[in-house]
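Reader: Hey, I'm new to this one. Could you walk me through it?

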Amino acid sequence: QVRLEESGGGLVQAGGSLKLSCAASGNIHRVNTMRWYRQAPEKERELVASIFRSGNTNYADAIQGRFTISRDVDKNTIELQMNDLKPEDTARYYCNADIRDRNLRLDTYWGQGTQVTVSS
């Protein structure tokens, strides 16, 4: 089995910072692209940031310049540094990854999510 586990969410005032972490573990052969999504109440889940094995990154316009995604390829982990947080960043944040397991099956996995709440 493959598992993604997030950590680092919490409550912060507007203008503050938080760092989210996600670790992939289990029956892993290779972790490809890793991503952070978020979902606010009564809204659709949206892609926040992606990072490829090469280190190349993509960001949603709403967080460009405020959030930074990074990864440790050897440890199968990613982080999301979130600065200058705004109330509209309040959401549950999910880790997502394309992973090939040791049976060489490629699939997309999700973590359970971590809550980020930004007060005004």
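**Rings, links and core**

Author: Let's start at Trp110, which counts as partly exposed at 37% relative accessibility. Buried means under 20% relative accessible area, exposed means over 50%, and partly exposed is in between (1.4 Å probe, protein chains only). Before we go on, this is a predicted model, where local features need pLDDT of at least 70 and side-chain atom pairs count only at pLDDT 80 or more, while totals for chains, interfaces and linings use all residues. Residues are numbered from 1 along each chain as its sequence is written, and side-chain values use heavy atoms, with hydrogens and water left out.

Reader: Got it. How many aromatic pairs are there?

Author: The count is two. Rings of Phe, Tyr and Trp (its six-membered ring) pair if their centres lie within 6.5 Å; planes under 30 degrees apart are stacked, over 60 edge-to-face, and the rest tilted.

Reader: What's going on between Tyr37 and Trp110?

Author: Their ring centres are 4.8 Å apart and the planes sit at 55°, so this pair is tilted. Tyr37 belongs to strand 4 and Trp110 to strand 10 (residues 106-110), so the pair ties together parts 73 residues apart in sequence. Strands here are DSSP runs of E, at least two residues long, numbered from the N terminus. Tyr37 itself counts as buried, at 19% relative accessibility.

Reader: And what about the rings of Tyr94 and Trp110?

Author: Those centres are 6.4 Å apart with the planes at 80°, so that pair is edge-to-face. Tyr94 is in strand 9 and Trp110 in strand 10, so this one ties together parts that are 16 residues apart in sequence. Tyr94 is buried too, with a relative accessible area of 12%. Put together, ring pairs link Tyr37, Tyr94 and Trp110 into a cluster.

Reader: Which ring faces does Arg45 lie over?

Author: Arg45 lies over the face of Tyr94, 3.8 Å from the ring centre. Arg45 also lies over the face of Trp110, at 4.7 Å from that ring centre. The rule is that NZ of Lys or CZ of Arg must be within 6 Å of the ring centre and within 35 degrees of the ring normal.

Reader: Switching topic: how many disulfides does a search of the whole structure find?

Author: One. Cys22 is joined to Cys95, with 2.0 Å from S to S, and a disulfide is a pair of cysteine sulfur atoms within 2.5 Å. The link is left-handed, with -80° about the S-S bond. It connects distant parts of the chain, as Cys22 is in strand 3 and Cys95 in strand 9, 73 residues apart.

Reader: Is Cys95 buried or exposed?

Author: Buried, with a relative accessible area of 0%. Cys22 counts as buried as well, at 2%.

Reader: OK, now the core. Which residues have the most contacts inside the largest nonpolar core?

Author: Those are Trp36, Leu80, Met82, Tyr93 and Ile99, in a core of 29 residues. Strand 9 gives the most to this core, with five residues. By nonpolar core I mean a set of buried Ala, Val, Leu, Ile, Met, Phe, Trp, Tyr and Cys residues joined through side-chain atoms within 4.5 Å.

Reader: What is Leu80 in contact with?

Author: Leaving aside neighbours within four places in sequence, the contacts of Leu80 include Leu20, Trp36, Val48, Phe67 and Tyr93. A contact means heavy atoms within 4.5 Å. Leu80, in strand 8, is also the bridge partner of Leu20.

Reader: In which sense do strand 3 and strand 8 pair?

Author: They pair in the antiparallel sense, over six bridges. Strand 1 and strand 3 also pair in the antiparallel sense over six bridges, and there Leu4 has Ala24 of strand 3 as its bridge partner. For strands to count as paired, DSSP has to find at least two bridges between them.

How values were computed:
Helices (H or I, at least four residues) and strands (E, at least two) are DSSP runs, numbered from the N terminus.
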